[in-house]
Amino acid sequence: MSIHKLSLYELHKKFTAGEVTATEIVRAYGLRIGQVEPKVKAYITQAKDTVVAQAGALDASLKGWRKTSPLMGMPLAIKDNICTEGVLTTCASRMLGNFVPPYDATVIAKLRAQGYLLLGKTNLDEFAMGSSTENSAVGPSRNPWNLQCVPGGSSGGSAAAVAADECAAALGSDTGGSIRQPAAFCGVVGLKPTYGRVSRYGLIAFASSLDQIGPITKDVTDAAFLLGAIAGHDPLDSTSADVPVPDYLKALKKRDLKKLKVGVPVEFFAEGLDPEVEQAVRAAIEELKSLGGEIKEIQLPRTDAAVATYYVIATAEASSNLARFDGVKFGLRAKETKDLLELYMKTRQEGFGPEVKRRIMLGTYVLSAGYYDAYYGKAQAVRTLIRQDFEAAFQEVDLIVTPVTPTPAFKLGEKGDDPLQMYLSDIFTISVNLAGVPAIALPCGFSQSGLPIGLQLIGRPFGEETLLRAAHAYEQSTQWRTKKPVIR
Amino acid sequence: MEITQQEVEKVAKLARLELTDIEKAAFAKQLSQILTHVETLKQYDTTGVEPTATVQGQVNVFRPDIARPSLSVECAVANAPESADGFFVVPKIIEDRER
């Protein structure tokens with residue numbers, strides 16, 4: 001048995017049954033990471049020594065007694081913008097290169113209370129701003145399916161670590177597709193929950209009205225399992241919803257789409273969509289139909305407005321959120337500055353990379369006097385229209401099916417010089433964040449060059465059970481998840 | 001939308017961001033491109049449309065005003081680039097005045 005090849009849920013069952021110890025798990029993953037990490041570069045920080053000690057203590061405490069909690073002994077990777085007490089949390093930024101959080105994010109506190117094992121913190125685009133991990137201050141991660149390609153972003157390290165079997169599962173964050181797009185590029189499952197489903201406390205903020213933490217996993221069962229462990233109301237996050245957390249694994253028992261109406265939005269199958277992606281997604285829609293889903297063409301007429309709306313709202317919120325990085329309370333401080341203003345300006349010049357600066361500039365501009373109404377106010381109003389499109393669609397259908405990305409993973413360096421082109425590639429994922437609804441990405445095929453292609457299912461607010469049920473039914477009726485990358 | 005280098009400088013100052021000349025030139029060009037794309041939003045009629053500040057109908061949340069345990073002072077300043085006696089140290093703000 002190769003421990004690293006097991007899914008999170010399979011490993012959980014073996015651990016609970018006493019067939020494997022935490023120490024064996026950590027040893028197996030240590031070996032695996034040692035083999036492939038030099039090529040994949042998924043991690044920023046590896047918790048090598050602490051995780052060995054954690055596992056030993058856990059095994060000792062379990063001698064002769066195996067009442068376990070779901071995530072006990074489970075080796076996870078955490079995106080490096082989620083605070084872990086005592087473990088470096090850098091946001092892949094020079095600004096936070098030495099930041100050791102004095103507290104845990106709520107999701108981490110929940111996992112820690114269950115006895116999870118932290119393998120390490122994964123790479124991302126600096127402050128989660130990007131679609132390729134190329135904006136990381138420590139350099140990009142690689143796509144395990146083709147090391148010349150990006151793993152996607154911003155949660156590219158998490159997706160690459162899951163695809164390369166460098167962890168049993170991972171957490172990412174999704175502001176405009178940052179869980180789903182890398183999951184699609186790396187051929188794994190990524191779930192962005194409903195806004196408010198998972199606490200954001202301790203997630204270093206990018207755009208607070210859009211950010212959401214979610215699982216990146218080897219299969220749909222694992223996504224359901226991990227979501228159940230992190231979801232729920234949190235008094236420390238005033239935007240977290242006081243909605244009961246259902247048993248997501250139970251939702252997987254129905255292995256069909258009977259009585260479910262599935263909407264196919266015409267706007268998502270327009271020009272710019274790679275023919276191989278379109279073919280794979282169309283075939284997946286046929287499969288959903290054969291599983292009992294009633295397929296219906298629908299419209300989301302304001303889809304074209306999503307990128308512009310998003311890049312106004314997200315950057316406006318980011319410019320405000322990132323004002324806290326001023327060289328005073330934590331992180332970098334520029335040397336030899338003569339007064340406080342110069343300290344602020346030089347610290348921020350030295351600490352932030354080009355994409356973060358660009359977004360702070362854009363966000364500051366759209367919020368500045370004379371432009372606020374024309375840009376920020378306008379974008380907030382169009383956001384309402386985009387939400388209304390989804391509300392109208394969900395009057396007609398239970399689920400919406402789309403591609404995750406217009407193309408499979410692109411090459412490193414391919415889009416580096418053109419920020420607008422990079423932004424436009426987010427077209428299929430960002431309207432979901434603007435509307436606050438949940439969505440899941442899962443594999444639905446491969447390009448001729450062997451790169452994974454992703455399918456996106458979008459659900460009603462707090463409709464994660466339906467999403468997971470449909471995704472699981474599709475996954476079980478296809479073989480995509482059995483294909484693994486050969487890392488070379 | 002054409003953004004001039006002067007406007008870039010003004011916004012950079014608002015954002016407390018020092019930029020090199022190369023960055024200023026690049027941002028003038030890139031922000032112009034991005035804002036030109038953003039202007040496509042004009043085609044959507046938003047007369048009388050309520051702006052969305054948050055989704056899922058979040059409301060103000062209150063809690064009782066009771067003291068709770070929090071980070072120790074030592075913890076709170078542990079990540080500071082410079083601290084002394086539990087305080088953050090910054091350059092002098094109030095200028096000395098000649099007598």
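Two residues are taken to be in contact if their C-beta atoms, placed from the backbone, lie within 7 Å. The model is predicted: local features need pLDDT of at least 70 and side-chain atom pairs count only at pLDDT 80 or more, while totals for chains, interfaces and linings use all residues. Residues are numbered from 1 along each chain as its sequence is written, and chains are lettered from A in the order in which they are written.

**View 1. The contact between chains A and B.** Chain A contributes 56 residues and chain B contributes 42 residues. On the side of chain B that touches chain A, helix H1 (5-14) and helix H2 (21-38) of chain B are the elements giving two or more residues; helices (H or I, at least four residues) and strands (E, at least two) are DSSP runs, numbered from the N terminus. H2(B) provides the largest share, 8 residues.

**View 2. The fold of chain B.** Chain B has 3 helices and 2 strands, in the sequence order α-α-α-β-β. Its radius of gyration, 23 Å, is well over the 13 Å that the globule rule gives for 99 residues, so chain B is more spread out than a compact globule (radius taken over C-alpha atoms; rule, 2.2 Å times the number of residues to the power 0.38). The C-alpha trace of chain B spans about 55 × 45 × 30 Å along its principal axes.

**View 3. The surroundings of A:Leu117.** Residues up to four places away in sequence are not counted here. A:Leu117 touches A:Ala22, A:Ile25, A:Val26, A:Val51, A:Gln54, A:Ala55, A:Gly73, A:Met74, A:Pro75 and A:Leu76.
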